[in-house]
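Welcome! Please keep the sequence and the 3D view open as you read.

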Amino acid sequence: MPDLAEFESTAGQRKKLVGKVADLIEASGIDPEDIGSISRVNLWQGMSKDDDGNPQVTDLVGVQLSPKWADGPAWPVVEQGPPSVVRPTKVAKAKSPEGFKTCVVLPDIQIGYFRSMSGELVPTHDEAALSIAVQLIRLVVPDLVVLVGDNLDLPELSKYRLSPRFRDTTQATIDRTTTFAAELRAAAGPDASIKWLAGNHEERLPNYITDNATAAFGLRKGNSPEDWPILTVPFLCRLDEHNIDFLPGYPANKVWINERLKVVHGHKVSQGSTAHTYLASERVSIIYGHIHRREWAEQTRDTHEGKRTILAMSPGCLCRTDGRVPSTKGGVDHDGIPMEVTENWQQGVLVVTYEEGDGRFIPEQVPIHDGWAMWRGREITA
Ligand SMILES: [Fe+2]
Ligand SMILES: [Fe+2]
């Protein structure tokens, strides 16, 4: 057992050593705030001679530091969603009439979350409606799936004032959307074409970068000009890994199901029937999203070749319709929690049977009511 004098001497040396390390860091001009960890301290003695030629012993100290930033940032950064293994189930294809193909159109999903008082994630999308959409795709086994856009809500990147309850939810949104992309591919099977139109909410991500960090706009992994820029929905949600075509450029982007029918996200919102606003300006049939309401209207015009009928329809939405998705009608309480409110929104999807080229098509509205739908006599429940 060391005696007291020896203990005090060791403690004194330790104190001296800490003082020397502190002096050295200060003399080097390093801000202690920037130090992440001290990985090694060396202590040795140097011999020199003074002006009179007498030997002098000097205590020397060497310190190996690593900066704080070597461990990465302490705050959560936005990352790609988790990778998923897709095992498409083999399903017998629903029989389409000879020469016809099928398309399923999925409207605004608004995947997103807010945080409850205890900090738990509460979805603004509707898992029950999503489950029905995925089950329907498994039944139809379509040739084409079109997502009209607004599949992520991204309120943190919005230009509008936002309750703090929506903060720190973007990574969870990206993770859920990535898993949804895998579920979609697994349900549709490997041969279906899946097209994902960017809506105004997907465009929030590049817009946010443009407004707040322009130098980061369009950055890609090194030597990968074919890849999507990193801070985009298709990169973060791994859409290429599931062979999903992402179509940016809202509101100019569109998908043609055939030469008579196109799909857009849409930017028109009317107090009455938005379908009639489209019919007034369009010359071909159109499916649009964005308004979150189910609509269907048609117009027949006289032409030199005879009468021509076009339709305008909205499948509705797949998000929650109870005020949890931030909207002009929504409100929050004094804790920032979104209030329950009845939005004039309806859930649903569309199934379109069509001929390619300048061919015929038949749309089927499939409304969803509280986790329940019916398609061609088959019940689908969440
Ligand atoms: Fe939307
Ligand atoms: Fe929209």
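## Burial and overall form

Of the 382 residues of the protein, 33% count as buried; a residue is called buried if 20 or more other C-beta atoms lie within 10 Å of its own, exposed if 12 or fewer, and partly exposed in between, with C-beta atoms placed from the backbone. This is a predicted model, in which local features need pLDDT of at least 70 and side-chain atom pairs count only at pLDDT 80 or more, while totals for chains, interfaces and linings use all residues. Residues are numbered from 1 along each chain as its sequence is written, and chains are lettered from A and ligands numbered from 1 in the order in which they are written.

How far does the C-alpha trace span along its principal axes? The answer is about 115 × 50 × 40 Å. The radius of gyration of the protein is 31 Å, whereas a compact globule of 382 residues would have one near 21 Å. That radius is taken over C-alpha atoms, and the globule rule is 2.2 Å times the number of residues to the power 0.38.

The protein is divided into domain 1 (4–65) and domain 2 (101–381), with bounds that come from an automatic or database domain assignment. Taken over C-alpha atoms, the centres of domain 1 and domain 2 are 64 Å apart.

In secondary structure, the protein has 6 helices and 17 strands. Helices (H or I, at least four residues) and strands (E, at least two) are DSSP runs, numbered from the N terminus. Among contacts between residues at least 6 apart in sequence, 67% join residues at least 24 apart; two residues are in contact if their C-beta atoms, placed from the backbone, lie within 7 Å.

## The six-strand sheet

One open sheet is made of 6 strands in the order S8-S7-S6-S3-S14-S15, with mixed pairing; two strands pair if DSSP finds at least two bridges between them. Strand S8 (244–247) and strand S15 (361–368) stand at the edges with a single partner strand each, so one side of each has no neighbour in the sheet. From one strand to the next, the twist averages 20 degrees. Axes here are lines fitted to C-alpha atoms, for helices over the stretch in contact, and angles run from 0 to 180 degrees between N-to-C directions.

Two helices pack on this sheet. Helix H2 (residues 127–140) touches strand S3 (101–106), strand S6 (144–147), strand S14 (347–354) and S15, and its direction makes about 175 degrees with that of S3. Helix H3 (residues 170–188) touches S6, S7 and S8, and the direction of H3 makes about 145 degrees with that of S7.

## The five-strand sheet

Another open sheet has 5 strands in the order S9-S10-S11-S13-S12, also with mixed pairing. Strand S9 (255–258) and strand S12 (294–303) are at its edges, each with a single partner strand, so one side of each is left without a neighbour. Neighbouring strands are turned by 20 degrees against each other on average, direction ignored.

A hairpin joins S9 to S10 through 2 residues, and S9 and S10 pair in the antiparallel sense over 3 bridges. Strand S10 (residues 261–264) runs parallel to strand S11 (residues 285–288), joined by 4 bridges. Val263 in S10 is the bridge partner of Val255, and Val263 also stands opposite Ile287 in S11.

## The core and a buried residue

Which residues have the most contacts inside the largest nonpolar core? They are Val104, Val105, Leu106, Ala133, Val145, Val146 and Val263, in a core of 69 residues. A nonpolar core is a set of buried Ala, Val, Leu, Ile, Met, Phe, Trp, Tyr and Cys residues joined through C-beta atoms within 7 Å. Not counting residues up to four places away in sequence, Val105 touches several partners, including Val146, Val263 and Ile287.

Finally, look at Ile286, which lies in strand S11. Ile286 is buried because 21 other C-beta atoms lie within 10 Å. Lys262 has Ile286 as its bridge partner in S11. Leaving aside neighbours within four places in sequence, Ile286 is in contact with Lys262, Val264, Tyr278 and Ala312.
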